[in-house]
Amino acid sequence: MKPGRLLRVKGMIRKEWLQVIRDPSSIAIAFFLPMLLLLIFGYGVSLDAKNVRIALVVEQADSQSLSFAGGFYQTSYFAPLALNSIQEAETALRQSKVDGIVWLRHNFGRDYLRKDSPPIGVIVNGVDANTARLIEGYVQGIWFGWLEQQAERAGKKLQSPVQLEQRIWYNPEVRSTDFLVPGVLAVIMTLIGALLTALVIAREWERGTMEALLVTRISVVEILLGKLIPYFILGMGGLALSLAMAHSLFHVPLRGSLWLLLATSALFLWVALGMGFFISTIFKSQFVAALVAMVSTFLPAFILSGFIFDIQSMPPIIQGLTHLIAARYYVSILQTLFLVGDVWSVVLPNAAALVGMGLFFHGMVYRKTRKNLE
Amino acid sequence: MARPAVSPLHSSPHAAFAPTAPSAAPTGAAPDSAAALVLDQVRKTFTIEKKQITALDGVSCAIRPGMVTGLIGPDGAGKTTLMRLCAGLLTPDQGSLRALNIDVVREPLKVQASIGYMPQRFGLYEDLTVLENLDLYADLQGVEAEARAERYAQLLAMAGLEGFRGRLAGRLSGGMKQKLGLVCTLVRPPRLLLLDEPTVGVDPVSRRELWQIVYHLVEAEGMSVLLSTAYLDEAERCAEVVLIHQGKILGHDHPRAFSQQVEGRTWQVRAPDMPKRALQRALSHNPAVLDALILGKAIRVVSRDRTPLQPIGLPSEIAVEVAPVAPRFEDYFVATLKDDHAAANGDNHITLRQTSDRLAGQDVITVDNLVRRFGDFYAVDHVGFRVRHGEIFGLLGANGAGKTTTFRMLCGLLPISSGACTVAGMNLRTAAAAARAKIGYMAQKFSLYGNLSVMQNLKFFSSAYGLRGARRSGQIDWALSTFNLEPFAATESQSLPLGFKQRLALAVALMHEPEVLFLDEPTSGVDPLARREFWVQINSLADQGVTVLVTTHFMEEAEYCDRLVIMADGRVLAEGTPEAMKEGFSGGVGREATMEDAFIGLLEANRNEANLKSAPQAAKASA
């Protein structure tokens with residue numbers, strides 16, 4: 001080790017630390033924003049459809065129709081609104097009072113008894129495609145449930161060519177919190193690793209402190225280490241806070257091992273820091289660095305990581321693009337570790353991809369950072 | 001460009017003049033290896049927006065050890081580029097640099113380990129305390145833990161910062177920040193110290209203290225110092241001066257050797273019965289006069305040759321007194337660079353299309369108990385003054401004294417916390433928009449659209465000021481002809497020469513024929529020649545009844561004002577004519593008091609008063 005290196009790196013770390021403590025915006029990015037995101041995604045955002053408002057139009061109140069319609073009242077997925085005519089229901093849909101219509105024609109009971117397949121009209125507001133698909137699925141579920149019930153009452157098994165036995169593994173209640181919260185971790189780590197780092201380095205350029213640093217004995221490696229270590233610690237702190245919240249507030253299960261979670265998180269944080277450094281070597285004003293970090297790391301971590309939107313259902317070009325997003329690999333590790341367990345066949349390839357990206361970014365940073373102002 | 005009469009390397013037989021210079025006369029035979037810094041044919045160009053700019057053009061010089069060398073030149077001369085090259089922060093296109101006998105280009109780290117460099121905006125961490133900043137730089141420079149306590153005590157005592165160890169750097173005044181910055185570069189005593197414009201925008205008291213620190217370093221620690229500055233009057237404080245202009249070195253010698261070139265050509269002219277601006281104008285039309293500058297009540301003249309100055313062209317019944325005065329560094333600068341043929345003084349007179357006497361004999365600007373608070377900080381603290389019709393009135397003060405804040409309130413750009421002010425008879429609290437219509441404003445920086453042509457700028461701003469039809473085209477024609485902008489009408493404004501940019505900015509400010517003209521630091525970053533040109537224009541406007549309010553931190557510029565106020569910490573320390581201000585302050589042995597002496601005297605009196613009342617209050621920059 002070069003003489004004085006330890007002293008210089010320690011000096012940088014202490015300085016960085018004091019700045020974080022005294023600068024409200026760093027604290028906000030490192031601690032309040034993660035908490036806010038967790039609360040929003042833990043409590044607010046839910047991808048499950050519950051209490052969906054539908055209009056229920058029963059034209060002929062015979063026993064079959066009523067018993068089928070009753071199914072909608074018993075489930076918590078729907079909040080039905082009984083209306084007398086399809087015209088009224090369509091008006092309600094148009095006025096956005098309901099998100100869907102279930103329409104039992106007057107011939108429902110008669111056709112059912114005649115063993116014909118009686119028509120059920122289902123009209124769904126397709127503006128929100130996600131909810132629309134859910135309504136469709138739920139209505140079908142109720143339909144099958146009701147048929148089964150009817151068959152049982154008649155003392156025979158439902159005559160159906162295929163028996164559907166559904167089991168949902170890993171998240172049997174299909175709680176979206178359980179996979180959203182691990183995803184939020186990826187967003188938080190990107191935030192601290194890339195956005196905060198890009199910001200603080202750009203600030204040094206803007207305030208002229210970088211020029212004064214450059215003419216001291218400090219070397220490029222020492223400057224980078226002096227920035228990497230404090231923000232790495234800060235990021236792991238943010239992670240610990242988020243894990244504690246996930247566990248105690250949202251009761252997200254952790255089925256994999258904690259050490260593997262911490263190790264892969266450290267790996268991802270290292271990649272995110274590399275991206276932050278990379279941005280700040282190119283863009284030297286806080287405003288531009290923040291914008292670039294937002295657009296190139298934070299937003300993709302939200303949209304393209306598979307955290308909210310399923311990668312498999314994206315168009316092929318976008319799917320290809322997601323391979324460039326580090327958060328994608330981390331999200332897939334996280335969701336596996338939290339909900340499934342230590343599945344090495346998932347963790348290892350994703351971790352390998354992260355190592356590759358980290359080496360790329362840190363290598364570029366080391367190559368591009370020069371101790372001068374050219 | 002005129003060739004300098006001074007030989008490039010110290011050939012003068014005269015002893016050095018600056019207080020700390022070594023007593024031995026410099027000898028031209030000093031070997032280069034002994035020099036602290038050697039530049040050989042250094043060339044550096046930058047490409048900005050596809051245009052190549054030559055910042056340094058074949059610069060060679062050798063900075064001698066154990067003394068203060070001043071790198072003096074106007075803004076844009078290449079001073080900062082030279083400093084950064086010496087510190088290894090930039091690489092030259094051509095040529096070589098050696099600092100302390102180490103090749104800067106090849107071994108920048110080794111150079112950086114043995115020099116101290118203070119950039120123009122020194123990198124103090126504002127959210128760290130004084131002590132924490134020192135600790136950081138001590139860590140980075142590898143100062144041993146045992147040596148620190150003693151070194152800190154010594155440095156903080158030198159900078160007068162002992163009482164502020166625990167204060168956040170961001171809460172220090174501008175001058176204290178600058179001293180702390182200097183102290184931070186000194187935690188490990190460097191053998192060569194590079195200071196890039198350490199005194200810019202700093203109040204005169206702190207400026208003097210900074211110089212004392214620098215002298216002390218040279219004397220006690222034998223340091224070699226290269227200090228750059230745009231203030232020509234600081235030349236005389238250096239042991240040697242390198243004069244740089246447009247990327248070329250014009251001379252390198254004792255400061256006295258420069259001014260001696262114009263010995264016998266400098267005069268002071270007084271005519272008690274004649275207004276000073278009329279006297280200046282008359283003198284500048286005299287063919288024997290190269291330069292005529294208002295200095296208080298008198299006019300300072302540089303003549304073209306050594307023949308005694310004859311006051312021709314003045315009314316015969318007027319008593320005129322002509323006395324020779326000692327030449328200054330600036331006289332040399334002006335004498336060397338002032339172009340004899342182009343831009344003869346008369347060209348800069350501006351004739352307005354119509355003048356207004358509506359307010360003649362009245363107070364055009366009145367300010368009473370004006371206050372502007374930011375939180376619990378008083379940026380402007382009960383300020384009051386009056387400006388008469390046709391007067392040039394100055395607001396003089398260091399950065400953060402409250403000048404710009406006062407100014408913005410007077411322009412109606414910033415709400416007033418309490419107090420009253422009127423401009424051209426309009427109350428700014430109730431009729432800010434109507435007041436603004438009477439005001440022409442020229443901002444500190446070139447605030448026109450750089451990528452529009454001169455004509456497009458004039459057209460845009462005339463319509464922005466609500467001019468229409470014949471009046472609009474009339475005013476545009478007037479602006480083009482009066483400011484000699486016709487040849488440039490189609491030129492992009494950003495590629496205009498600096499002097500013409502300033503003309504354009506002034507032309508735009510005068511488009512709507514305002515009764516009051518506000519100038520915010522109009523000549524900062526402008527070389528002394530362009531500044532002279534500008535003031536001739538402003539003088540002619542005042543003569544035609546335009547009231548001018550100007551802020552400046554150039555002490556010397558205050559001499560152009562009819563009356564002024566000196567501001568510090570948001571308050572007015574004194575109000576009066578430049579002569580009245582200087583009265584009662586001595587200028588040291590054998591010279592008249594300058595504006596700077598008066599300013600320092602007032603500031604010190606104010607600080608003593610404040611110290612009696614409470615612990616020193618750190619002024620927060622209000623700009």
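Okay, quick housekeeping. It's a predicted model, so local features need pLDDT of at least 70 and side-chain atom pairs count only at pLDDT 80 or more, while totals for chains, interfaces and linings use all residues. Residues are numbered from 1 along each chain as its sequence is written, and chains are lettered from A and ligands numbered from 1 in the order in which they are written.

Let's start with chain A. We get 14 helices and four strands there; helices are DSSP runs of H or I with at least four residues, strands are runs of E with at least two, and both are numbered from the N terminus. The C-alpha trace spans about 95 × 45 × 40 Å along its principal axes. Chain A has a radius of gyration of 28 Å, whereas a compact globule of 374 residues would sit near 21 Å; that's over C-alpha atoms, with the globule rule being 2.2 Å times the number of residues to the power 0.38.

Now a helix pair in chain A. Helix α10(A), residues 258–282, and helix α13(A), residues 326–339, have axes that come within 11 Å and cross at roughly 170°. Axes here are lines fitted to C-alpha atoms, for helices over the stretch in contact, and angles run from 0 to 180 degrees between N-to-C directions. So α10(A) and α13(A) are roughly antiparallel, the label for angles over 145 degrees. Among the residues making that contact are A:Phe268 from α10(A) and A:Tyr330 from α13(A). Contact means C-beta atoms, placed from the backbone, within 7 Å. Nonpolar is Ala, Val, Leu, Ile, Met, Phe, Trp, Tyr, Cys and Pro; charged is Asp, Glu, Lys and Arg; the others, Gly among them, are polar.

What about the interface? 26 residues of chain B touch 27 residues of chain A. On the chain B side, α3(B) gives the largest share, six residues. That side divides into 14 nonpolar, six polar and six charged.

Last stop, the chain B sheet. It's open, four strands, in the order β16-β15-β18-β19, with antiparallel pairing; two strands pair if DSSP finds at least two bridges between them. Which strands are at the edges? β16(B) and β19(B), each pairing on one side only. Five bridges join β15(B) to β18(B), and B:Thr366 has B:Thr422 in β18(B) as its bridge partner. Helix α10(B), residues 403–410, lies across β15, β16 and β18 of chain B, at about 120° to β15(B).

Conventions
Two residues are in contact if their C-beta atoms, placed from the backbone, lie within 7 Å. Angles under 35 degrees count as roughly parallel, over 145 as roughly antiparallel, 65 to 115 as roughly perpendicular and the rest as oblique.
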